[in-house]
Amino acid sequence: MTKIILLFSGLFFLRSMAFAQSLSGTVKDAKDIAVHGANVYLLNTNLSTSTNANGGFNIKNIPAGNYTVKISAVGYATLTKVINITNASSVNFTLINADKQLDEVLVTAQKQDEESQKLPMSISVITAKQVDDDKIWNIKDITGLVPNLYAANPGDNRNVTSVRGITTTSYDPAVATYIDGVNQFGLDTYIAQLLDVDRIEILRGPQGTLYGRNATGGVINIITKQPTNETTGFAGVDIGNYDQQRYSFGLRTPIIKDKLFLGVAGLFSNFGGFYTNSFNNTKFDKQHYFLGNYYLKFLANSKLSFTLNVKNDINRNNGPFTLVSSAQQALATPFVVDQNATTTMVDNTFNASLSANYIGSAFNFTSQSSYQKNYRYYKQPIDGDFSPIDGISLINNYGPDWNIVQTGIQEFRFSSPTTSTSRLKWTAGAYGFFNYSPTKVGTHFGNDAQMVGSPVANFTSININTSTNYGMAFYGQVIYVFTPEFDVTAGLRYDYEHKKEFINGAFQPDGQAPVVTRTDTASTATFKALSPKVTAAWHLTENNNLYAAYNRGFRAGGISELGSDPTQPPLYNYKPEYSDNYEAGTKNTFLDKRIRLNADVFYTRVNNAQVPTLLLPDAITVTQNAGKLTSYGAEAEFAATPVEGLEIDYNFGYTHARYTSLNIPVNDSVVNFKGNHQVFTPNITSTLLAQYAYGLGSSKKVKLVAHGEWHYLGDQYFDLANTIEQKAYNTFNARLGVSTKRFDVFLWGSNIFNKHYVDYAYDFGAAHLGNPRTFGLSVKTIF
């Protein structure tokens, strides 16, 4: 018995010795003044802490090995440093003011914490500071801030996004969006508003290997702020013309220090509307919404953590789809619609995820389970002809069993251990999902039905489409470091997807019972895809890097839905869309991290291009594999702090995206649109941002801040026939105010010269404009 006790005592002693290492030190500024509340985080671990009033910190129970430490604090440039921890290590860090040096930007683009400048891929990062400075309230606001990216919404707050000419033109996106690691499966469960954002990563080009389906154009990866041992929070008020009101609040705090952490943030927004409805001389697009983000993290020990994240978006829109019959009319009578059927859109979205992260000596492991749900309907029928006649209106308020989308996703991921010194780094995982979407839409033809081509009036055509979809994927990626100056990445992903579409239809004269016109019918389809990746990276110096890469992406295939147009048969299977992307680029920092310059060129080829056709009046999308597309271009990003207080950012993108083959049914024939431009793709995106902060007094803790933006978008088209065009245009934004470490007050203006331009148009002609001139006041406190 004594021997057993001694054996277990010895094992416990050895285990304790293995975790006896610690990291302590101080964080100070360039004047040797302690920085209180700085966050000290060991990348790719569960270990972090905050500095005390003396700038000191201490992290215990750290396995021995090499780590990258990130130090961040408000008002200072983020710093990273590689250190070797053995026994009790002590390191002192010096932070530089943010107006004297660029941040060292960290990203999770390859599903682990890494320095963006050393990654061999085209990636743009928008930091939390930039989100505030540039007044980014919605994902579509990053249009032009990222080279070759365009985003807009048709009126229902679901953005259509294009990157490098690869465009989302249906509810199956071509650019995947992730929020806190959770794939926003489709546009139905997509949350476009932004709240308490830490950073936004935009990966340009296909990302099939690690991200899988619907990432043919790229990935938008949104990360919200996480709680630490330091209690922090914020409160903000934004008011502006058109009765714009936004009230936001957030709190992040430890419930049990080093063990249990809580984060809560909420945003209420009210908007009086840009548009007037001339039919009844009322404001058309009034809306309000509430967005919440709730975060709970439990650190079981230094190796294992659990995180629960819940988000909800409650949106009420009194004028969805602010559309007029043509782009010409939209520009001739700006911000005026003439619709007889007005309604309120009820749109409720709920997202929840639970993740477990294990940091081990042999491998790291992550499990993420997520659930997404959206219920959207119109309280009253919505106008389907966008005119004052009693022609067409759409009905989808058939109760809570219909027009609700639910998605469950599970991902398991293994990776090489954080402390590994091997030349081989690896990531492998499995991904599975299930999606259920029962939709029921009634198309009502009123008294003026003959004016919209129907010989019969006062009836409803009811179409039911119920989709069930499940799939799984397995992926792996390895990085081999041949020398400190050269490494190669190779990856492969296999995706399997099964879809089933169930349909039936009915004819219902007003005041009578429905009559079945289409008996129950169903169709199934199975899709498979391989997504390889190969990248070579040359690290010429610590601050200069070159890379060349090949990536393949795919957008899932599907089955067409039932609509009221008898010439468009349902249950038509269309194939997955594949994109092959070749690119080369360089990433550089100069002058002691005062200047950053990144540039790349790319060539993308799309096969089996999915070309959607919107069927009216049901707003049903029929997708066909009707073309091939090539897109090539160049991108550049420049950032600098040339003198104290001055920040300059310039982004440029050029895209030449044309169809090499495009055959579209028009009336009773097929028209070849070979050579036409891709839709929603400006040929040029160009943005210049400049900000100057002037410190007052000897301490310069109070700063006068002036911020200006110039945005230029080149020529673009909104229909495949290239008949609906928006010529190149400029917009200007400005912001002026006072900023301290804890309090900001700013006056702002967007589109200050009130440029009128088409922001979105359907291929049948209906269009709406981009936002007019807006201005207001923002007040924010950080505590």
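Which residue lies over the face of F746, at 3.6 Å from the ring centre? I found R735 there, where the criterion for a charge over a ring is that NZ of Lys or CZ of Arg is within 6 Å of the ring centre and within 35 degrees of the ring normal. I also noted K780 over the face of F234, at 5.4 Å from the ring centre.

**Basis of the entries**

I am working from a predicted model, in which local features need pLDDT of at least 70 and side-chain atom pairs count only at pLDDT 80 or more, while totals for chains, interfaces and linings use all residues. Residues are numbered from 1 along each chain as its sequence is written, and side-chain values use heavy atoms, with hydrogens and water left out.

**Whole chain**

I looked up the make-up of the protein chain and found 4 helices and 51 strands, taken as DSSP runs numbered from the N terminus (helices H or I, at least four residues; strands E, at least two). The C-alpha atoms fill a box of roughly 90 × 70 × 45 Å along the principal axes. Of the 783 residues, 57% count as buried, that is, under 20% relative accessible area, with exposed over 50% and partly exposed in between (1.4 Å probe, protein chains only). Among contacts (heavy atoms within 4.5 Å) with a separation of 6 or more, residues 24 or more positions apart account for 66%.

**Aromatic rings**

I counted on the record of 31 aromatic pairs in the structure, where rings of Phe, Tyr and Trp (its six-membered ring) pair if their centres lie within 6.5 Å, and planes under 30 degrees apart are stacked, over 60 edge-to-face and the rest tilted. Y275 and F335 form an edge-to-face pair, 5.3 Å centre to centre with 70° between the planes. This pair links distant parts of the chain, 60 residues apart, with Y275 in the loop between β20 (260-271) and β21 (276-277) and F335 in the loop between α4 (327-332) and β25 (336-337). Y275 and F335 are buried. I then looked at F445 and F459, a stacked pair at 4.9 Å centre to centre and 15° between the planes, which joins strand β31 (residues 424-445) to strand β32 (residues 459-483). F445 and F459 are both buried. One aromatic cluster is formed by F386, F680, F718, Y760, Y762 and F764.

I traced an open sheet of 4 strands in the order β3-β2-β5-β6, with antiparallel pairing, two strands being paired if DSSP finds at least two bridges between them. Its edge strands, β3 (48-50) and β6 (79-85), each pair on one side only. Strand β2 (residues 39-42) is joined to strand β5 (residues 65-72) by 4 bridges, and L42 stands opposite V69 in β5.

The other open sheet I followed has 3 strands in the order β22-β21-β25, with mixed pairing. Here β21 and β22 pair in the antiparallel sense over 2 bridges, and T276 stands opposite K283 in β22.

**V671**

I placed V671 in strand β42 (residues 669-672), and V671 counts as partly exposed because its relative accessibility is 27%. Not counting residues up to four places away in sequence, V671 touches L662, N663, I664 and V666.
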